Structure formats: structure tokens, C-alpha cells
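Here is a friendly briefing to read alongside the picture. Take a moment to look at the chain, then follow the topics below.

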Amino acid sequence: MEITPRERMKMVINHERPDRTPAVLRARPEVNRALIEYFGVKDIYEVHKILGTDGWGGVHLDISFPEFERKANTILEGDFPYAGSKVILHDKDIFEDCWGIIRKIGKDRKYVQWVSGPLVNARDPDEYNFPGPESIIEDEKLPRKVEEQKKSGLWVSGSITQPFTLAWELRGIENLLIDYAINHDFLEKLYDKIYLLYGEMAKKLTSAGIDQLRIVGDIAMQDRLFMRPEWWRKIDKVRLAKLISECKEINPELHIFLHSDGNLWEIMDDLIEIGFEIIDPIQPECMDPVEVKKRYGDKIVLHGCGSLQKTLPFGTPEDCREEVRYLIRNCGYNGGLVLRISNAIGFDVPIENVVAWYEEVRNFNLSKL
């Protein structure tokens, strides 16, 4: 009898060797279309079946922004990030989202650039009408949606944005890092508001029965954190620890997932201490996955590890297959590994490389380890 994605993920988290290494495919729309054409199938779900990439379930909660809803005047179309979102369009390239964050679509319409946020020039976070827990849109069907996905064999996630990510988009990255250094009152007050909202969202998702709470947003660059580690410990760590602890009180079996690109070595012990069990994407240009496995493999699940800066765009299909074999042999011998490319696969990656990488994950025989 075939193991379901849910059963496979449970084995990986328990550091048991599954039937095969789980794999997650996340790609830009251009890549999804190219994969559909490559295999001659009708949709991306058929591609997932062919490649054996594991289907995860997911639920979410929305926040009410009444004033934005009144002003929103279009839905973005295209392949760039935020396409499909309702926005206030200021001109053909500049748009404002529900938070009041303004972005610009690039000339090639492939990427977007942050332009400004509502707290850029603020002296006090109270100058912004920040949504509170009462703004969370209740969904009475949420527990049933979770249970239905579990019964269908899916591993069910719920997500919140990394508070640092929302803070810098509201405030501007330079301003926020200055706040970390010299403007603690502003920073503490802003984070109190963000954590009040996201903490309530996380608890509602947890109460609905999710398997995994994902906290998503980058806190690091290629070589270090955005802020000094001691600042992160003083400001972010204590709040994240409280949020995780409150969710674990609701469901001790809940698993906590962190997504952040970049180099997290400076705070890996801290992340594990406060309850993060699944670390994504272990970006190989920044953190050697084999070294992470050696040091922390008994405590965490490595999630990601595929090279989007080197192997996928510039390697051959055989290079891609060899990378997978190397990662499984050195990081997946006792479970604790979910493979994926370390970010959304770009439109310029050769489709043959994508296929080779994921076919090797699907085909690798773990019994030979």
C-alpha cells in the first residue's frame, strides 16, 4: 500500500527512513506552464503526480481592510509576484496593497520592487491604523477543512508572515534597522501590534487542527542576519518564543516551520531552543546542508537544500541528479529531510534540469543507504 504524503512527512519528522525522500515543487508560473507542456498533461497537479512531489494541504485566515476594499480598483494580471491580488493601481506600474505598501512592477514585468510603506516617515506606530485581532475574518469551517485534508492524506499547514518582514515593508528596511539600533521604543510598539495580530491568527490556525505552523519571511542575507544577533535575541526571539509557546499549549503536537533565505548560523541554536523544528530552505550557497545535518540533524528537519543560484540554472541535468544523490546520501539517511529547490524556480532555469532534479528524488532508492 502506497504511503501518503501525510504519513511520509510524519516519518521524516520522527527521523525514520520513509519509502522515499519527500519533495516539494515550488515554481514561477512560467515554469509550471513549461512543465505542463513538457509532460503533455492538462495541469500542474498531473505534473506533481508524475514527479512524485508531495502534496501538502493548507488553510489560511484573511484580515479585513474595509477602507482598502472600497478603494481597490483592479486585480493584477501577469506572472510577477502579487499577480492575482486585488490592489489600488496608482498607474500602470505602481500599485498599493491592503497594508498601504506601495510597489512597482519592473519593466520586464517579471519582478516587483518595494517603493514605500505607510510608516516610512512616522514618528509613532499609532500614526498607522493597524488592524487588531478583531480584524481577523472568522471561518467556522476551518476545522472541517483541516480534517478533510488530513483524511485525504495531506500534511496540513497554516501560515503567518514573519513579523520582521511586515515591519520592514511598513517602515522601510533602512528605517527599521536604525530602529533596532537606536529607536527601541518605536520598534517595541510596532512589534507589539504585529505580534498581537499574528499571534491570534496563529492560535486560531492551531485550534483548527493544522499539523504545521509556518512562519514565513527572510531574516538573513547571504552571509549574516539583517540585524545583529544580540538585537534579534532581545527583540524577536522573546516574542517568537511566546507565540510558539502559546500555540504549543493549544496543541503540543503542532510542528513549527521557519522559512528564511540566507545564513542563519548565528542563531540556529536559538531557533531550536524556542521550538522551530523544520528549517527552510537551508540555502546551500549560505549554509552547507551536510554541516547543518551533522550539527542539528537529530533536532530538526532540513527542508529545501537545492541550489537555485548554481546547479539548477547553470548545471547540466546530470549535475542536478548528482546534487540530489549527494544530498540524500549525506542528509537523508535517517529521515529528517524534505528536498526542494531553495526558492521558487525561476523562469530562466532549463526545464530539463528541473525534471532531472525531481525525477532523481523520486527514483532514489533509500534502501541502498
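Contact means that heavy atoms lie within 4.5 Å. This is a predicted model, in which local features need pLDDT of at least 70 and side-chain atom pairs count only at pLDDT 80 or more, while totals for chains, interfaces and linings use all residues. Residues are numbered from 1 along each chain as its sequence is written, and side-chain values use heavy atoms, with hydrogens and water left out. Helices (H or I, at least four residues) and strands (E, at least two) are DSSP runs, numbered from the N terminus.

**Ser307 and its surroundings**

- Leaving aside neighbours within four places in sequence, Ser307 is in contact with Pro284, Glu285, Leu312, Pro313 and Glu323.
- Is Ser307 buried or exposed? Ser307 is buried, with a relative accessible area of 4%; buried means under 20%, exposed over 50%, and partly exposed in between, using a 1.4 Å probe and protein chains only.
- A polar atom of the Ser307 side chain lies 3.1 Å from the backbone nitrogen of Lys310.
- For the backbone nitrogen of Thr311, the distance to a polar atom of the side chain of Ser307 is 3.3 Å.

**The seven-stranded sheet**

- Two strands pair if DSSP finds at least two bridges between them.
- In the order S1-S7-S8-S9-S10-S11-S12, seven strands form an open sheet with parallel pairing.
- At the edges you will find strand S1 (56-59) and strand S12 (337-341), each pairing on one side only.
- From one strand to the next, the twist averages 25°; axes are lines fitted to C-alpha atoms, for helices over the stretch in contact, and angles run from 0 to 180 degrees between N-to-C directions.
- Five bridges link S11 and S12 in the parallel sense, and Gly304 stands opposite Leu339 in S12.
- Helix H13 (residues 317-331) packs on the sheet and touches S11 and S12, with its direction making about 155° with that of S12.
- In a regular strand the side chains alternate between the two faces of the sheet.

**Antiparallel strands**

- Strand S2 (residues 74-75) and strand S3 (residues 86-89) run antiparallel and are joined by two bridges.
- Within this pair, Thr74 stands opposite Val87 in S3.
- S3 also pairs with strand S4 (residues 94-96), in the antiparallel sense over two bridges.
- Here Ile88 stands opposite Glu96 in S4.
- How many residues does the hairpin that joins S3 to S4 pass through? That hairpin runs through four residues.

How values were computed: Polar contact = N/O pair within 3.5 Å; in protein donor to acceptor, adjacent residues only side chain to side chain.
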